[in-house]
Amino acid sequence: MSKRIIAILMLLTLIALTACGAAPGAVPTVEPVEQEDGATGTPQFLFPKSYAWFLGKMDYAPLGASNVPAPSGDYPIPPEFGESAMVQGNKIILTATDEQRAALAAQTDLLLSQAVDAWMNLNPEYTFQNAEDYSSLVFGMDESYSAIDVEHQIEETNLILTILYMVHSNHILVSGDSDITTEVKLVNYHSEKTAQEFSYPTQSLELAAIQWEETY
């Protein structure tokens, strides 16, 4: 990708951003990664192996929509998104230049916009926001998901996790920090009170623990 195209993509990012953060579908701005101790070579980035169903994929599929074989060894990352990728233990190790990293972040953001649409279509009152740098995200929802059948509960939970994983992936990509955490809030959209908040991946989503009556 030429420097001129990268510059145009960054300009489009500035135009697309809103006051409350970056809307899914915006082109992420990626900061260059400096090598430590004068080392040379292409930077590496670590992702959970559970991201295999969307990382570098061209088509959207929510978590749990299909059986994805557990990856091992070489990970099939398209060349526009990375020089190479390898599965080691529970991690995917991506080797990518800044341009490849920016391209992968932009592709993930396209999938993210589709995931957000699918989740908000479950309830027209739901809301969603993520920070420009993907450091945080807020789901506006209520307890109605638990009053519907189990299949719906699973679908809604999987879509929340799909969005969370994609945002966290882009937080790693735009920051260049594989150890970074993403701040997550679930807010009662009726009252705007926080129902649950946690730092991912050091903490996890616990929908069943929410006391919704305390958020009114």
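The model is predicted, and its protein has three helices and eight strands. Reading from the N terminus, the elements go α-β-β-β-β-α-β-β-α-β-β.

**Overall picture**

- Of the 216 residues in the protein, 43% count as buried.
- Take the contacts with a separation of 6 or more: 59% of them come from residues 24 or more positions apart.

**The β5-β6-β7-β8 sheet**

- Four strands make up an open sheet, in the order β5-β6-β7-β8, with mixed pairing.
- The edges belong to β5 (127-130) and β8 (194-200); each has a single partner strand, so one side of each goes without a neighbour in the sheet.
- On average, neighbouring strands here are turned by 10 degrees against each other, if you ignore direction.
- β6 (residues 136-141) and β7 (residues 182-188) run parallel and are joined by six bridges. One of the residues to look up here is Phe139, whose bridge partner in β7 is Leu186.
- Helix α2 (residues 98-120) packs on this sheet and touches β5 and β6. The direction of α2 makes about 155 degrees with that of β5.
- Helix α3 lies across β5, β6, β7 and β8, and runs at about 160 degrees to β6.

- Is α3 enclosed or open? Of its 26 residues, 19 are buried, so the helix is largely enclosed by the rest of the structure.
- At the start of α3, Asp149 uses a side-chain oxygen to reach the backbone nitrogen of Glu151, coming within 3.1 Å.
- After α3 comes Gly176, with a positive phi near 80 degrees.

- His168 sits in helix α3.
- Buried or exposed? The relative accessibility of His168 is 2%, and the cut-off for buried is under 20%, so it counts as buried.
- Which residues does His168 touch, once neighbours within four places in sequence are set aside? The contacts are Tyr51, Ile180, Thr182, Tyr200 and Pro201.
- Two of these fall inside sheet strands: Thr182 belongs to the β7 stretch, residues 182-188, and Tyr200 to the β8 stretch, 194-200.

**Strands β2, β3 and β4**

- β2 (residues 73-74) pairs with β3 in the antiparallel sense, over two bridges. Asp74 has Met86 in β3 as its bridge partner.
- On the other pairing, β3 and β4 (residues 91-95) run antiparallel and are joined by five bridges. Ser84 stands opposite Thr95 in β4.
- β3 and β4 form a hairpin, and two residues lie between them. In that turn, Gly89 has a positive phi of about 65 degrees.
- In a regular strand, side chains alternate between the two faces of the sheet.
- Strand β3 (residues 84-88) has Ala85 and Val87 on a covered face, while Ser84, Met86 and Gln88 are on an uncovered one.

Terms used:
Residues are numbered from 1 along each chain as its sequence is written. This is a predicted model: local features need pLDDT of at least 70, side-chain atom pairs count only at pLDDT 80 or more; totals for chains, interfaces and linings use all residues. Side-chain values use heavy atoms; hydrogens and water are left out. Buried means under 20% relative accessible area, exposed over 50%, partly exposed in between (1.4 Å probe, protein chains only). A polar contact is a pair of N or O atoms within 3.5 Å; within protein, one must be able to donate a hydrogen and the other to accept it, and residues adjacent in sequence count only if both atoms are side-chain atoms. Contact means heavy atoms within 4.5 Å. Two strands pair if DSSP finds at least two bridges between them. Axes are lines fitted to C-alpha atoms, for helices over the stretch in contact, and angles run from 0 to 180 degrees between N-to-C directions.
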